[in-house]
Amino acid sequence: MDYTAKLDEAIGRLHEEGRYRTFIDIERQNGQFPHAVWTRPDGETQDITVWCGNDYLGMGQHPVVLDAMHEALDATGAGSGGTRNISGTTVYHKRLEAELSDLHGKEAALLFTSAYIANDATLSTLPKLFPGLIIYSDALNHASMIEGVRRNGGAKRIFRHNDVEHLRALMAADDPAAPKLIAFESIYSMDGDISPIEAICDAADDFGALTYIDEVHAVGMYGPRGAGVAERDGLMHRLDIINGTLAKAYGVMGGYIAASEKMCDAIRSYAPGFIFTTSLPPAVAAGAAASVRHLKTAQHLRDEQQTQAKILKLRLKGLGLPIIDHGTHIVPVMVGNPVHTQILSDKLLEDHGIYVQPINFPTVPRGTERLRFTPSPVHGSGELDALVKAMDDLWSHCALNRAELTA
């Protein structure tokens, strides 16, 4: 076999379909978020504004976080030195897990290197703990959840997105005695819609199922202490396992689950994705703990972020742009064509210094390609004005809404 030719063929298909992903080389500027410096392909640099970042509240530059990281770095050095089982558990990791269990009102929390790994490792391990487990997974769950469910070797059922009646029908068709788990998200990141958490919990109670919720795009952002949509709606006590990230609203890195002491102990003891992975550097754990602690009492940041999202949606709607609005902080502008989406992204960056990454298949279904904006408290009125003007110019002059955009 000509392996190089096969690689060329695979990559060529992406180029032909207009969904080849290009990495944009940027350098974020501490104290100047959301501004960054882009190194152009010709080697020249250009000042840009980042509109697609996941550092939703700007905590990646917050002094509370940076001070904690500097202190831990000076005290302990760079890395953790090993896996959690072999020399890689420090006081910083334990403090972070304590902050997280307190945040979600659970007995314990378990720290992973990312929320992807937390989802994959936990969902792939649960059938080992509950033989015969059937997992009911929302059709639009994140790739990490899909991968964990796929790899676990157990039975799975896919229910239509946010369709509790379909979920109930699937569970009713299965053995009443079989162990069951419902896996879903609180906020789905591509459309920004919210799951019917209470109705799903009711279904779980009726069919004797465990509940597993991914709050990755909600932790730090919703609820009086930032524990997520389940906290906002007073439902955390009804959820058995809560997954979250430290890399979005908390501005650092890492993922976790929060659950009962026994559940966390079992996952800790059986999940290869936890057992055989070097733990987060102590400085990262320290910064994340400081961020979680700070956001428990920083409602003003959540309020400011929601205000910015509402203003941006209102102004984009005023231009007649096709946006999806489910009342959350996610602002998707629907384009519906991968080539057009890439061109629009390129023109925003090159001509206006605005960076927003195109979202294409397989992240979203074909025909729903989009630009996904993530406004934050550090996006001021000037940045917002510039974005709206650029979108107005490009959308109107390029006739994108009539699918006539050309390079």
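Predicted model: local features only at pLDDT ≥ 70, side-chain atom pairs only at ≥ 80, totals over all residues.
**View A. The largest cavity, with β4 and α10 in its lining.** The search turns up one cavity of 30 Å³ or more. Here a cavity is a set of points on a 1 Å grid over the protein atoms alone where a 1.4 Å probe fits but cannot get out, and lining residues have an atom within 4 Å of a point. Points are joined across faces, edges and corners, and the volume is the space filled by probe spheres set on them. Among the lining residues are Arg84, His93, Phe112, Phe274 and Leu280. By class, the lining has five nonpolar, six polar and one charged residues (nonpolar: Ala, Val, Leu, Ile, Met, Phe, Trp, Tyr, Cys and Pro; charged: Asp, Glu, Lys and Arg; polar: the others, Gly among them). β4 and α10 are the elements giving two or more residues to this lining; helices (H or I, at least four residues) and strands (E, at least two) are DSSP runs, numbered from the N terminus.

**View B. The second largest pocket, about 330 Å³ of space.** A pocket is an open set of points with protein on both sides within 12 Å along at least five of seven lines. Of the 17 residues lining this one, Arg84, Lys94, Glu97, Leu110 and Arg268 lie nearest its centre. Two or more lining residues come from each of α3 (91–104), β4 (108–112), α9 (261–270) and α10 (272–275).

**View C. An open sheet of seven strands with mixed pairing.** Read across, the order is β4-β10-β9-β8-β7-β5-β6, where two strands pair if DSSP finds at least two bridges between them. β4 and β6 (155–159) are the edge strands, each pairing on one side only. Strands β9 (241–245) and β10 (255–259) pair in the antiparallel sense over four bridges, and Gly244 has Tyr256 in β10 as its bridge partner. Helix α7 (residues 197–207) packs on the sheet, touching β7 and β8, with its direction at about 175 degrees to that of β7. Contact means heavy atoms within 4.5 Å; axes are lines fitted to C-alpha atoms, for helices over the stretch in contact, with angles from 0 to 180 degrees between N-to-C directions.

**View D. An open, antiparallel sheet of three strands, ordered β11-β14-β13.** β11 (331–334) and β13 (358–359) sit at the edges with a single partner strand each, so one side of each has no neighbour in the sheet. β13 and β14 (370–373) pair over two bridges, with Ile359 opposite Arg370 in β14. Helix α13 (residues 338–352) packs on the sheet, touching β13 and β14, at about 45 degrees to β14.

**View E. The salt bridge between Arg366 and Glu17.** The closest N and O atoms are 3.5 Å apart; a salt bridge is a side-chain nitrogen of Lys or Arg within 4 Å of a carboxyl oxygen of Asp or Glu. Arg366 lies in the loop between β13 and β14 and Glu17 in helix α1 (residues 3–17), so the pair ties together parts 349 residues apart in sequence.

How values were computed. Residues numbered from 1 in each chain as written. Heavy atoms only, no water.
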